[in-house]
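Subject: Structure for your review

Dear colleague,

Please find below the structure that I am handing over to you. I would ask you to look through it first and then to read the notes that follow.

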Amino acid sequence: MDPSSSPSSDNKTVVTSSHLSDMATAGQSSGKYYENLDAEVAGKIQRKVGLIYDETMCKHDTPDGEDHPECPDRIRVIWEKLQLAGVSQRCVVLGSSKAEDKHLQLVHTKDHVNLVKTISTKQKDYRRNKIASQLNSIYLNGGSSEAAYLAAGSVVKVAEKVAEGELDSGFAIVRPPGHHAETDEAMGFCLFNNVAVAASYLLNERPDLGVKKILIVDWDVHHGNGTQKMFWKDPRVLFFSVHRHEYGSFYPSGDDGDYNMVGEGPGEGFNINVPWDQGRCGDADYLAAWDHILIPVAREFNPDIILLSAGFDAAIGDPLGGCRVTPYGYSVMLKKLMEFTHGKIVMALEGGYNLDSIAKSSLACVQVLLEDKIIQGSSEAYPFESTWPVIQAVRKRLCAYWPSLADELSWKLINQKIPNPIILISSSDSETEDDPHGLVYQISKLSIENHQVDTASTSWRADLAKVDIWYASFGSNMWKPRFLCYIQGGQVDGLKKACVGSMDKSPPKEIVWETFPHRLFFGREYTARWGVGGVAFTNPLANLNDQTQMCLYRITLEQFNDVLCQENALNLDSDSAIFDLAALQSAENQISILPEAVSNSWYANVVWLGKKGDIPILTMTCTLSAVEKFKSGEVPVRPPAKAYAKTLIRGLVEGGRFSEEEAEAYIDNAASKPL
Ligand code: X5A
Ligand code: ZN
């Protein structure tokens with residue numbers, strides 16, 4: 001551990017000015033210019049993400065150097081990870097600040113503040129261990145007071161800057177943690193309730209900032225009992241905590257973390273607990289709670305800012321938590337929160353005791369705040385069996401306050417589960433490493449969309465019209481006018497037959513190009529639309545040696561069904577979708593999709609290619625068994641029909657992908673390489 005990497009001991013990276021407006025980003029202030037490549041590619045402005053880390057907070061430690069999970073290295077490893085990844089250099093690094101007593105007293109008693117204030121002084125030396133032993137899960141030493149003041153003050157500072165708009169978001173890498181600390185009591189490794197102090201400060205001390213409603217999300221594996229109590233009757237704070245509960249046996253034991261605890265008086269309905277019944281929850285369970293509780297409620301609540309009690313002790317590998325959330329899982333949970341408050345999110349570290357896990361998870365989160373491309377990863381496909389009943393119970397208990405929770409979850413959805421006793425191995429570390437080829441090809445096994453699956457499929461069109469997908473085309477549909485025939489109807493140059501178009505004739509919302517690691521080839525002897533010659537297919541399996549240009553159209557899932565029908569010569573008037581939300585979910589889970597009605601046609605295989613901006617990317621091609629038939633020669637591989645090739649080349653050229661020559665060479669190459 002190199003202590004000089006701490007900003008408090010390295011003047012070059014310390015930015016102590018309290019005025020952000022005249023402050024450069026940390027990268028610029030140390031003479032280097034760091035570019036956010038992802039933001040640049042997307043033509044976006046780099047988001048200002050604030051970070052606070054201060055080595056002084058490491059001085060809070062066990063009195064005699066005994067081992068303890070809540071150890072100083074926790075924040076050091078996070079800070080080091082952010083530096084090594086080159087991420088802290090792209091953030092605004094702020095100096096830490098001590099909390100003011102009057103701010104602490106917004107949520108704590110004067111006695112409690114005084115106790116923490118004086119606990120580290122010489123005079124208290126002999127009494128410290130005794131006081132600590134009378135508290136629940138607390139140790140104290142000579143560095144505790146200062147660390148506690150810095151932890152609370154730093155969260156206040158980041159929250160203030162984000163609320164003011166000087167920062168877009170931020171992460172206070174602090175210890176001791178805060179969410180167990182109650183009004184008059186330190187407990188659970190927590191001295192001051194850092195997040196609660198910050199929330200109360202914004203609401204009560206800074207009306208000028210216009211923060212009227214705060215969402216506090218607590219994803220620490222333990223229940224945020226302190227925070228819950230501090231805003232129990234306060235409708236300005238919506239407190240959401242997801243935690244291990246096991247019927248009140250998990251720390252902090254008792255009923256406080258029960259889902260029946262919804263707040264009181266004016267605060268009734270503004271407290272939401274999601275209490276797990278068993279201890280091995282992972283990404284799928286957490287995301288189910290997000291999709292079916294937190295996100296719909298947050299949409300209704302419409303907060304002005306989000307404070308995140310970001311403990312990472314539900315992370316895979318945590319010695320206290322036992323859960324299995326991956327860095328990818330954390331990044332998806334955070335990404336989903338970015339939809340609100342223009343991304344004004346203040347993260348404050350709470351628990352998290354596996355040094356490697358908390359460093360990786362923190363990095364993944366800061367990358368989300370910076371709006372970098374979401375890291376690759378995969379998770380178990382479905383929540384545990386015991387998860388749906390918990391989610392349903394929470395929805396039922398709270399639907400009187402939040403109408404979006406009122407619908408029963410569909411049986412289709414809640415049948416997607418993993419039997420409880422099975423212990424799964426979650427994603428390996430390597431799955432979260434950067435893809436050396438820069439190709440997004442790994443298939444996420446996890447639904448990160450909030451799909452409300454309706455029980456009655458009376459109007460599948462209306463339901464699927466609400467869901468956007470990217471249709472990735474690699475054949476003649478790359479030429480926009482030709483693709484539009486499938487939407488608007490008609491017959492362009494080269495087509496031997498007119499298309500009927502989709503029911504919903506609205507044009508694609510966006511068109512982008514991307515390269516995918518799937519082999520493009522041409523096969524068959526004749527098609528009704530193009531005449532003699534082969535048409536394009538792509539191997540459903542990814543292979544990093546292959547690169548295929550695809551033109552992505554953002555259309556609705558309803559339109560995608562109509563395109564699928566036309567590709568496979570089916571009528572559009574079916575009373576059920578051939579590719580519905582359940583199919584989308586299966587596609588995501590790599591289960592081969594062969595809708596009954598199209599199983600004999602050529603483009604019946606819908607393949608999941610990943611996600612782009614949270615929207616699934618789908619393509620349609622032949623089945624794997626058809627690829628085998630092409631390989632064996634049972635079905636001929638043929639160069640493309642003339643008119644067809646012309647259309648492809650036009651698409652590639654007009655799409656700005658290639659020059660005429662390059663497009664020809666690209667097609668020739670795909671047509672001549674042996675399968
Ligand atoms: C902040 C936090 C855990 C306390 C566990 C006590 N506290 N056994 O994670
Ligand atoms: Zn915890």
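Two strands are said to pair if DSSP finds at least two bridges between them. Please bear in mind throughout that this is a predicted model.

That definition applies to strand 16 (residues 605-612) and strand 17 (residues 615-621), which pair in the antiparallel sense over seven bridges. Within this pairing, Val606 stands opposite Met620 in strand 17. The two strands form a hairpin with two residues between them, and Gly613 there takes a positive phi near 55°. Asp614 is also found in the loop between strand 16 and strand 17. Although Asp614 is not a glycine, its phi is positive too, at about 75°. With a relative accessible area of 23%, Asp614 is partly exposed. As for strand 16 itself, six of its eight residues are buried, so the strand is largely enclosed by the rest of the structure.

The protein as a whole

The protein has 675 residues, of which 59% are buried. Its secondary structure consists of 21 helices and 17 strands. If one takes the contacts between residues at least 6 apart in sequence, 77% of them join residues at least 24 apart. The accessible surface comes to about 26,200 Å², and carbon and sulfur atoms account for 50% of that area.

The cut-off for the word "buried" is a relative accessible area under 20%.

Ala314 is found in the loop between strand 7 and helix 11. Ala314 is buried, with a relative accessible area of 0%. Leaving aside residues up to four places away in sequence, Ala314 touches Trp219, Val221, Tyr286, Cys323, Arg324, Val325 and Tyr330. For one of these, Val325, the C-alpha atom is separated from that of Ala314 by 5.9 Å, and the two residues are eleven apart along the chain.

Aromatic residues

The count of aromatic pairs comes to 25. One of the pairs is formed by Tyr471 and Tyr553, which are stacked, with 6.5 Å centre to centre and 25° between the planes. Tyr471 lies in strand 9 (residues 468-473) and Tyr553 in strand 15 (residues 548-556), so the pair ties together parts that are 82 residues apart in sequence. Tyr471 is buried, with a relative accessible area of 3%, and Tyr553 is buried at 0%.

Helix 5

Where do the buried residues of helix 5 lie when seen down its axis? The residues concerned in helix 5 (residues 110-118) are His112, Val113 and Val116. They fall within an arc of 100°, so they line one face of the helix. These buried residues pack against helix 4 (101-104) and helix 7 (144-164). The face turned away from them carries the exposed residues Lys110 and Asp111.

Backbone details

The peptide bond from Arg175 to Pro176 is cis, with omega near 0°. Pro176 is in the loop between strand 3 (169-172) and helix 8 (194-205). A cis peptide bond also joins Tyr251 and Pro252, with omega of about -10°; Pro252 is in the loop between strand 5 (237-244) and strand 6 (271-276). Finally, Asn302 is not a glycine, yet it has a positive phi of about 55°. Asn302 is in the loop between helix 10 (283-301) and strand 7, and it is partly exposed, with a relative accessible area of 48%.

Yours sincerely,

A colleague

Note on methods:
Residues are numbered from 1 along each chain as its sequence is written. Chains are lettered from A and ligands numbered from 1 in the order in which they are written. This is a predicted model: local features need pLDDT of at least 70, side-chain atom pairs count only at pLDDT 80 or more; totals for chains, interfaces and linings use all residues. Side-chain values use heavy atoms; hydrogens and water are left out. Helices (H or I, at least four residues) and strands (E, at least two) are DSSP runs, numbered from the N terminus. Buried means under 20% relative accessible area, exposed over 50%, partly exposed in between (1.4 Å probe, protein chains only). Contact means heavy atoms within 4.5 Å. Accessible areas come from the Shrake-Rupley method with a 1.4 Å probe; for residues, only the protein chains shown count as cover. The arc is that of the directions from the helix axis to the C-beta atoms. Rings of Phe, Tyr and Trp (its six-membered ring) pair if their centres lie within 6.5 Å; planes under 30 degrees apart count as stacked, over 60 as edge-to-face and the rest as tilted.
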